Amino acid sequence: MSSGDSNPAATPTPGVDTQGDGRWMSLHNHFVSNSKDKEPDVLFVGDSLVQLLHQFEVWRDLFSPLHALNFGVEGDATQHVLWRLSNGELDHISPKVVVLWVGTNNHGHTAEQICGGIMAIVQLIKDKLPKAYTLVLGVLPRGKMPNSLRERNAQVNKLVQEAVSSLPHTSLLNVDPGFVHSDGSISHQDLYDYLHLTPQGYQAVCQPLHAHLKSLLEKQAEN
């Protein structure tokens, strides 16, 4: 995938320290340092949906037993994840599966650009971890009622599905259990602010994800 100036979503970019406390770079440095002491089988990387997963029981119940590591950063878009993974976060670990969940924060980018960003990350993972399986999670719908960002996210998933279909050891998993109701609305009981998941929402997403990960790990053990 060509990146660079033509696609801002596929150009590695450090996070902007908008609040002035240096948290983004501190987290990145923490992940790089943390990776030197860990031997994860599963690496989760992405935005706040990944980061917050760590705070819930579902992480301890389902993913900690799989020897999972969480490199999620609130607010990250594809270009930020690309920068982090290009700058040391993958250098000391060799997970069997990398779970990538990013794209909803790419404000001002088209579905095509976001897909390009996701695929640039996939390619980077393949270059740095050639034996790992890359599992891209579908971007969730957002907003209480139908809106342009929800449409864009759906288009991103369609484009990524097409892009990964020809790649070995890579797939897209749609983790939306049906959050959009028949009237087009999303419930705050699933996504409390119509973007981030409640404990109930995480359960609905993570039960099938956990089963899928176990299956991938078992297949890798056989090979």
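Which residues does Val-160 touch, not counting residues up to four places away in sequence? The legends below begin with that contact set.

This is a predicted model, in which local features need pLDDT of at least 70 and side-chain atom pairs count only at pLDDT 80 or more, while totals for chains, interfaces and linings use all residues. Residues are numbered from 1 along each chain as its sequence is written, and side-chain values use heavy atoms, with hydrogens and water left out.

**View 1. Surroundings of Val-160 and the largest nonpolar core.** Val-160 touches Cys-115, Ile-118, Met-119, Val-136 and Leu-172, residues up to four places away in sequence being left out; contact means heavy atoms within 4.5 Å. The largest nonpolar core has 36 residues, and those touching the most other members are Leu-85, Leu-100, Ile-118, Ile-121 and Val-160. Two or more residues each come from helix 1 (23-35), strand 1 (42-46), strand 2 (68-72), helix 4 (78-89), strand 3 (97-101), helix 5 (111-128) and helix 6 (148-164). Helix 5 gives the most, ten residues. A second, separate core has 31 residues, including Val-50, Val-58, Phe-63 and Cys-206. A nonpolar core is a set of buried Ala, Val, Leu, Ile, Met, Phe, Trp, Tyr and Cys residues joined through side-chain atoms within 4.5 Å. Buried means under 20% relative accessible area, exposed over 50%, and partly exposed in between (1.4 Å probe, protein chains only). Helices (H or I, at least four residues) and strands (E, at least two) are DSSP runs numbered from the N terminus.

**View 2. Packing of helix 5 against helix 6.** The two helices pack at an angle of about 45°, with their axes 9 Å apart. Axes are lines fitted to C-alpha atoms, for helices over the stretch in contact, and angles run from 0 to 180 degrees between N-to-C directions. Helix 5 and helix 6 are therefore oblique to each other; angles under 35 degrees count as roughly parallel, over 145 as roughly antiparallel, 65 to 115 as roughly perpendicular and the rest as oblique. Their crossing is right-handed, meaning that the near helix is turned clockwise from the far one by less than a right angle, anticlockwise being left-handed. Helix 5 contributes Ala-111, Glu-112, Ile-114, Cys-115, Ile-118 and Met-119, and helix 6 contributes Arg-152, Gln-155, Val-156, Leu-159, Val-160, Ala-163 and Val-164.

**View 3. Packing of helix 4 against helix 5.** Here the angle is about 15° and the axes lie 9 Å apart, which makes helix 4 roughly parallel to helix 5. The crossing of helix 4 and helix 5 is left-handed.

**View 4. Val-102 in a loop.** Val-102 lies between strand 3 and helix 5 and, at 3% relative accessibility, counts as buried. Its C-alpha is 6.3 Å from that of Ala-77, 25 residues away in sequence. Leaving aside neighbours within four places in sequence, the contacts of Val-102 include Gly-46, Asp-76, Val-81, Ile-118, Ile-121 and Val-139.

**View 5. Trp-59 in helix 3.** Trp-59 belongs to helix 3 (residues 57-63) and counts as buried, at 3% relative accessibility. Beyond neighbours within four places in sequence, Trp-59 is in contact with Phe-44, Leu-53, His-54, Ser-64, Pro-65, Ala-68, Leu-69 and Asn-70.
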